[in-house]
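This report covers hairpins, aromatic contacts and backbone angles in one protein model. Please keep the sequence and the structure in view while reading.

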Amino acid sequence: MKSVLFSRFFILLPWILIVIIMLDVDTRRPAPPLTPRPYFSPYPGGRRGGAGRGREQRNESRPPPPLPPEPPLPTIYAITPTYSRPVQKAELTRLANTFRQVAQLHWILVEDAAARSELVSRFLARAGLPSTHLHVPTPRRYKRPGLPRATEQRNAGLAWLRQRHGHQRAQPGVLFFADDDNTYSLELFQEMRTTRKVSVWPVGLVGGRRYERPLVENGKVVGWYTGWRADRTFAVDMAGFAVSLQVILSNPKAVFKRRGSQPGMQESDFLKQITTVEELEPKASNCTKVLVWHTRTEKVNLANEPKYHLDTVTIEV
């Protein structure tokens, strides 16, 4: 029995040794190198090595440069002369409702009075508008019929602007004279805000006509369509022009004159101090659109207002 086992053992032994040697050789063989995965660059021009790839990834994650700041919106300064009368608050309310819809507007309200009235002071406090409240009385000798009105009030508004901006670098701004009995389209404020020096446009319901306007050829004012004194250098209504704030500050002596200025000529005499016809900037589609109307409230009939037996409460109108 033993001889049979030994014989089988010696028969299997060489094969066992061969298997052991093969296993030992296989474990010592170096592992084949890993095949790298192909890299497909998302950028045109492909990949330029590992360093380039890292550089592209860093550029991709970098935030975009900040946009340059937008230039400040020019402030519109509206000078409004006003005086005490039954329709004063109604007129100012209509004007304030328009101004509240205009961005970056400063209202300069100038009373024809020796002191600020409580009515206008309360009104401005509730108007919710950036505003300045001034007052200056018109001398009695200038209150005769036929003489220009609101001269002192407009000049007071000009003086306030020069005093406020005269000692510092003025921000971009535009000035126009907004009488409280006019009606304004919001489009007008968009037009005037880009005024570089002096801009002009048509005015409706003025001069005994449906409208008056500057005549424009090739983008330049060459004349005036007007119903009164077409020989004026600037045949324009007070509601028909705007002036750059820088022009106002550069011409400190430019004011509305009492002496030497004929009735109806104040606008022309004022503009002659700061510009020429050739420099005018036509707005409102080359002065072919009416965006402001010289409206007037009908004279109020108070014939039945009692002189005695008044109401038991006081109501501001």
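## Two hairpins

S7 and S8 form a hairpin with 2 residues between them, and Gly207 in the turn has a positive phi of about 65 degrees. Strand S7 covers residues 203-206 and strand S8 residues 209-217, and they pair in the antiparallel sense over 3 bridges. Strands here are DSSP runs of E with at least two residues, helices are runs of H or I with at least four, and both are numbered from the N terminus. Two strands pair if DSSP finds at least two bridges between them. Within this pairing, Val203 stands opposite Glu212 in S8.

S8 also pairs with strand S9 (residues 220-225), in the antiparallel sense and over 5 bridges. Here Pro214 stands opposite Trp224 in S9. S8 and S9 form a hairpin with 2 residues between them, and the turn holds Asn218, whose phi is positive at about 55 degrees.

## Basis of the model

This is a predicted model, in which local features need pLDDT of at least 70 and side-chain atom pairs count only at pLDDT 80 or more, while totals for chains, interfaces and linings use all residues. Residues are numbered from 1 along each chain as its sequence is written, and side-chain values use heavy atoms, with hydrogens and water left out.

## Overall figures

The protein has 9 helices and 12 strands. Of its 317 residues, 40% are buried; buried means under 20% relative accessible area, exposed means over 50%, and partly exposed lies in between (1.4 Å probe, protein chains only). The accessible surface comes to about 20800 Å², by the Shrake-Rupley method with a 1.4 Å probe. Carbon and sulfur atoms account for 56% of that surface.

Among contacts (heavy atoms within 4.5 Å) with a separation of 6 or more, 72% join residues 24 or more positions apart.

## Aromatic pairs

The structure holds 11 aromatic pairs. The rings of Phe176 and Tyr184 have their centres 5.8 Å apart and their planes at 90 degrees, so this pair is edge-to-face. Tyr184 also pairs with Phe189, in a tilted arrangement with 6.2 Å from centre to centre and 50 degrees between the planes. Rings of Phe, Tyr and Trp (its six-membered ring) pair if their centres lie within 6.5 Å; planes under 30 degrees apart count as stacked, over 60 as edge-to-face and the rest as tilted.

These residues belong to one aromatic cluster, formed by Phe99, Trp107, Phe123, Phe176, Tyr184 and Phe189. Phe176 counts as buried because its relative accessibility is 0%. Tyr184, at 7%, is buried, and Phe189 is buried at 2%.

## Arginines over rings

Arg85 lies over the face of Tyr83, at 4.2 Å from the ring centre. The charged end of Arg229 sits over the ring of Trp228, 5.7 Å from its centre. A charge sits over a ring if NZ of Lys or CZ of Arg is within 6 Å of the ring centre and within 35 degrees of the ring normal.

Most residues other than glycine have a negative phi. Arg229 has a positive phi, near 50 degrees. Arg229 is found in the loop between S9 and strand S10 (241-244), and Arg229 is partly exposed, with a relative accessible area of 31%.

Cys287 is not a glycine either, yet its phi is positive at about 60 degrees. Cys287 lies in helix H9 (residues 284-287). With a relative accessible area of 0%, Cys287 is buried.
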